[in-house]
Amino acid sequence: NIPVREQIIETLKQSAERELYFRTVKLSERMNLTFNKISVKDQKTIWGSCSPNNNLSFNWRLIMCPINVMEYIIIHELVHLKIKDHSRRFWNNVKAWAPDYKTSQAWLRNHHHLLKV
């Protein structure tokens with residue numbers, strides 16, 4: 001028998017894989033950007049990343065965030081497909097696609113500790 005806690009975490013991870021893939025594909029099409037592949041990982045300190053090879057990875061715990069927060073992280077990483085730094089140009093691009101991104105950042109700052117399962 002698998003303990004209930006592990007069953008719940010596994011279910012959340014599977015949901016995160018489906019939801020993050022679906023939303024990333026949808027947003028990348030709207031933004032006219034292409035990525036190589038998506039991974040969903042058990043990351044302790046980061047929400048997402050974009051590799052030099054345009055591979056995107058996301059923290060499975062995003063499934064427990066409000067949709068606007070999840071989509072902000074996806075947009076953040078998608079913008080990195082064309083702008084690899086955190087310059088003013090990068091943030092202007094993020095803001096164009098997620099005008100309320102600072103609200104999402106604040107939500108993560110204020111609630112990240114609740115997502116440590």
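Predicted model: local features only at pLDDT ≥ 70, side-chain atom pairs only at ≥ 80, totals over all residues.
Which residues line the largest pocket?

**Stop one: the pocket.** Select Thr-45, Ile-46, Trp-47, Gly-48, Tyr-72, Ile-73, His-76, Glu-77, Gln-105 and Leu-108; together they form the lining of the largest pocket. H2 gives the most, with 4 residues. The pocket's volume is about 180 Å³. Color the lining by type and you'll get 5 nonpolar residues, 4 polar and 1 charged.

**Stop two: the core.** Now pick Leu-20, Phe-58, Leu-62, Ile-73, Ile-74, Leu-78 and Val-79, which have the most contacts inside the largest nonpolar core, a set of 29 residues. Helix H1 (4-31), strand S3 (56-59), H2, helix H3 (88-97) and H4 each supply at least two residues of this core. H2 brings the largest share, 8 residues.

**Stop four: helix H1.** Select 4-31 and look along H1: its 28 residues reach 40 Å from first C-alpha to last, close to the 40 Å expected. Its buried residues are Ile-9, Ala-16, Leu-20, Arg-23, Thr-24, Leu-27, Ser-28 and Met-31. They pack against strand S1 (38-41), S3, H2 and H3.

**Last stop.** Step just past the end of H1 to Asn-32, where phi is positive, about 60°.

Definitions and conventions. Residues numbered from 1 in each chain as written. Heavy atoms only, no water. 1 Å grid on protein atoms, 1.4 Å probe; cavity = no way out; pocket = protein on both sides within 12 Å on 5 of 7 lines; lining within 4 Å. Points joined across faces, edges and corners; volume = space filled by probe spheres on them. Nonpolar A, V, L, I, M, F, W, Y, C, P; charged D, E, K, R; others polar. Core = buried A, V, L, I, M, F, W, Y, C linked by side-chain atoms within 4.5 Å. Buried < 20%, exposed > 50% of the residue type's maximum accessible area, 1.4 Å probe, protein only. Expected span 1.5 Å × (residues − 1). Contact = heavy atoms within 4.5 Å.
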